[in-house]
Amino acid sequence: MNYLSVENIAKAYGEHVLFEDISFGINEGQKVGFIAKNGTGKTSLLNILAGSDSPDAGKVVYRKDITTAFLPQEPNLDPNLTVEETIFSSDNEILNIINRYEKALKNPDDADAYQKAFEEMDAAQAWDFETQYKQILFKLKLDDLSKEVKYLSGGQKKRLALTVMLLQKPNFIIMDEPTNHLDLDMIEWLEEYFKKENFTIFMVTHDRYFLERVCNEIVELDHGQLYTYKGNYGYYLDKKDARMAQEATNTEKAKQLYKKELDWMRRQPKARTTKSKSRIDDFQDIKDRAHKRRQDHEIQLELNMERMGSKIVELHNIGKSFEENELLKNFSYNFKRGERIGIIGKNGTGKSTFLNILTGAIKPDNGKVVIGETIKFGYYTQAGITIKPGQKVIEVIREFGEYIPLKKGRQISAQQLLERFLFDRKKQYDFVEKLSGGERKRLYLCTVLIQNPNFLILDEPTNDLDIVTLNVLESFLLDFPGCLVVVSHDRYFMDKIVDHLFVFQGNAEVQDFPGNYSDYREYEESATAEVKEETQSTDQKDNKKDWKKTSSGSKLSYNEQKEFGKLEKEIARLEKKKEEIQQKFLQDLSGEKVAENSVELKKIEDQIEEKTERWFELGAKAE
């Protein structure tokens, strides 16, 4: 059953064309993820589908007998209503059914009206509506039902709008970044909710695990063309790679044909025959195909990062409270070179507070922070870039200098830098206030990175970034040689970037976990299952499975098992690096280069020795 038909729509703002001649359809049961770069019209398309904007050309046709709901990035709620009043004031058919039933109760003489109202309550499962909305609000951490909307944070408003939408149980849902402002537990709950409920969905999201687990179709807008992939995000990646490989082959064939036709055209052919005229007409099309070039630049920056000394950052018995809410208590940690730490935890457990203490933006109540002399922080906050009226994109970068120093004495201009951050020459002279939310975030990220930090702190860097930019950012961060601390609700991003977690569990408890997010979830699930097994087998204590041991009887704790496996990979990586440096000595090097490589080789050999010693220690313990 077709729910929606989009027929040849177009949208432009002045000379800036977002898209044109776009057509697609959505049928009942489809859960569609829409992927496109920032600034190409994702939000504009959603607004057109939702009816809050209109296309310049073409039309959008809905099936008449379906209900729809739209979750925008910035919901429009009445600020004077409470959380509960917002739910009861929504345009929800179940509320209308409840009202009709309550009126029927007041008119007991009208048996037919009462019977009809009673049957409607049954059909809509409206008897437990109060339980339903309270359960959803509880899951989304909106416990104070009497709190007025004007006192809610932006994230709480988004979660309230999400609750209102889910309670309406519409046939068709349109969502713009539904996982923004949700913590990891909320996101995973929402995934399960969408799996079991029979919604038809069209959404924009940067959360790739969400796309993988919820969507059964991906629609991509790429260089003005629409491509449809009948599968989840993993299927889309495979098929897109195949499509791009085919495009590259077709372009190469077109180049060969172009050379042949160009030679023919240079001989000044006359359109004497129908065949000759047709060949001349086709030449321009062949030329266009041969010169087709994808503008998929990647950020490639060899930043001139200051070398780290032996002391990085040391936290000694840190404590911090706000009134009666204790966030940190006697927390100590010494950062090491090249560490990549992810921070996870529910909203309000102190993650952003920890980052502010780390950078000196706020002071701890007790304890001390010792920062090495060579450490230079780069701090990407959720606040984003400060927009100055009338300022152009290029001017933002030029505030840091006309040229940016790179390694080996090289440099690049501000214009070249922006191009590497996916801002073409035309976009560089746009006013900053004209940029999309994702483009502003990308520009802000650029301003943080060009200051050459060697200790990079990213607080929710993936919000509002498109998937293309996320892939580029991940590539950059994987090669970043300094320390990295990331707070993110993007599980895919965390799995790819970090190998160590601080888990903020609330009540000032912070767990140090050696692994990425998926490792932690696996550990949590296994621990929960084993605790349940222990509870069910209290009469067989001698036979129950100890959560600290593997089924093979290993004496290593779970954390030690993860460390053991990680050490094997790190030792192999270091051995490979050692081999590469040794190969350099076979080349004709200057005395300065020999000395530099010798220092680096010694450092790597020390690391191999240290990690091998620990590997033997854990191996002996496991026997």
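I began with strand β5, which is joined to strand β6 (residues 172-176) by 4 bridges, the two running parallel. Here strands are DSSP runs of E with at least two residues, helices are runs of H or I with at least four, and both are numbered from the N terminus. Two strands count as paired if DSSP finds at least two bridges between them. I noted that L71 stands opposite M175 in β6.

Before going on I wrote down that this is a predicted model, in which local features need pLDDT of at least 70 and side-chain atom pairs count only at pLDDT 80 or more, while totals for chains, interfaces and linings use all residues. Residues are numbered from 1 along each chain as its sequence is written, and side-chain values use heavy atoms, with hydrogens and water left out.

**Strand β8**

Is β8 buried or exposed? In β8 (residues 217-222), 6 of the 6 residues are buried, so the strand is largely enclosed by the rest of the structure. Buried means under 20% relative accessible area, exposed over 50%, and partly exposed in between, with a 1.4 Å probe and protein chains only. I saw that E217, V219 and L221 point one way from β8, and I218, E220 and D222 the other way.

I then checked the partners of β8. Strand β3 (residues 31-35) runs parallel to β8 and is joined to it by 4 bridges; V32 stands opposite E217. β9 pairs with β8 in the antiparallel sense over 5 bridges, and V219 has T228 as its bridge partner there. The hairpin of β8 and β9 has 2 residues between the strands, and H223 takes a positive phi near 50 degrees.

**Helices α3 and α4**

I turned to α3 (residues 93-106) and α4 (residues 111-124), which pack at an angle of about 150 degrees with axes 9 Å apart. That makes α3 roughly antiparallel to α4 (under 35 degrees is roughly parallel, over 145 roughly antiparallel, 65 to 115 roughly perpendicular, the rest oblique). The contact (heavy atoms within 4.5 Å) includes I94 and Y101 of α3 and F118 and M121 of α4.

**A second sheet**

I found an open sheet of 3 strands in the order β11-β10-β13, with antiparallel pairing. β11 (325-334) and β13 (366-371) are at its edges, each with a single partner strand, so one side of each is left without a neighbour in the sheet. 5 bridges join β10 (residues 313-322) to β13, and G319 stands opposite N366. Helix α11 (residues 351-359) packs on this sheet, touching β10, β11 and β13.

**Residue Q451**

Last, I located Q451 in the loop between α15 (437-449) and β17 (455-459). Q451 is partly exposed, with a relative accessible area of 36%. Leaving aside neighbours within four places in sequence, Q451 is in contact with K376 and F400.

Key. Axes are lines fitted to C-alpha atoms, for helices over the stretch in contact, and angles run from 0 to 180 degrees between N-to-C directions.
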